[in-house]
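Please read it alongside the sequence and the model.

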Amino acid sequence: HSGTMTFSGDCKIQGNGNTINLEPSAVIIIERGSTLLAENLNLYGLKNTNVKCLDDAGTIKLDNGNLYLTGNYNFETGKVEIENNVQILGSSYKFAYKSKEQSAIKTGGTLGFNEGTIFSYDPVTSAKDLIQLESSEATITLKRATLHSTATGIQLTKGTLEIKGVCPFVSEATCIPEGMIG
């Protein structure tokens, strides 16, 4: 797809396992205060900010699917909710969480970062807990992927951080309170 797709209100894409291929100029916009549920969808071509919420009241809900990075991607506004199994793929590319809003991995949900990807926790605030694992049955999986945190640090208080293979943890913290807390 090329061009702009804009979603306003409560919207849903039922992917049925199919793929939306975002061409270099394509953008998906979630309007102010709106929600987009992407169910059983593969999204190819995430980079820069080409899938975005226009304000902090916007929500992207992902329920089963794969996100393929084709460049470094920044999630800057709004929040994300993960249900069931969502995988991030794209060797050597970064998924940077920069929003000041709290996102959630729901009970039974898994957010996976696959080989060579980098999950960078880089919010515009000093909050360490903007990625919420809602219960002990919520999981972040690193499969030969990197977990990176700026000096803000990251704190995961529930759920499971599952490590598969060699997974570097990189922190820009200069003291223990700014580090990674699990």
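The notes below are grouped by topic.

This is a predicted model, in which local features need pLDDT of at least 70 and side-chain atom pairs count only at pLDDT 80 or more, while totals for chains, interfaces and linings use all residues. Residues are numbered from 1 along each chain as its sequence is written, and side-chain values use heavy atoms, with hydrogens and water left out.

**Core**
- The largest nonpolar core contains 43 residues, and L22, I28 and F113 have the most contacts inside it.
- Such a core is a set of buried Ala, Val, Leu, Ile, Met, Phe, Trp, Tyr and Cys residues joined through side-chain atoms within 4.5 Å.
- Strand 7 (residues 59-75) supplies the largest share of this core, six residues; strands are DSSP runs of E, at least two residues, numbered from the N terminus.
- Apart from neighbours within four places in sequence, I28 is in contact (heavy atoms within 4.5 Å) with M5, F7, L22, L36, L43, N50, V51 and K52.

**N50**
- N50 sits in the loop between strand 5 (35-48) and strand 6 (51-53).
- N50 counts as buried because its relative accessibility is 6%, where buried means under 20% relative accessible area, exposed over 50% and partly exposed in between (1.4 Å probe, protein chains only).
- The N50 side chain reaches the backbone oxygen of G45 at 2.8 Å.
- Residues touched by N50, not counting those up to four places away in sequence, include L22, I28 and Y73.

**Surface**
- L161, I163 and F169 make a nonpolar surface patch of about 240 Å².
- F169 lies in strand 18 (residues 169-171) and is partly exposed, at 43% relative accessible area.

Definitions and conventions:
Patches are made of residues with over 30% relative accessible area and no salt bridge: like charges are joined within 9 Å, nonpolar side chains (Val, Leu, Ile, Met, Phe, Trp, Tyr) within 5 Å. Accessible areas come from the Shrake-Rupley method with a 1.4 Å probe; for residues, only the protein chains shown count as cover. A salt bridge is a side-chain nitrogen of Lys or Arg within 4 Å of a carboxyl oxygen of Asp or Glu. Helices (H or I, at least four residues) and strands (E, at least two) are DSSP runs, numbered from the N terminus. A polar contact is a pair of N or O atoms within 3.5 Å; within protein, one must be able to donate a hydrogen and the other to accept it, and residues adjacent in sequence count only if both atoms are side-chain atoms.
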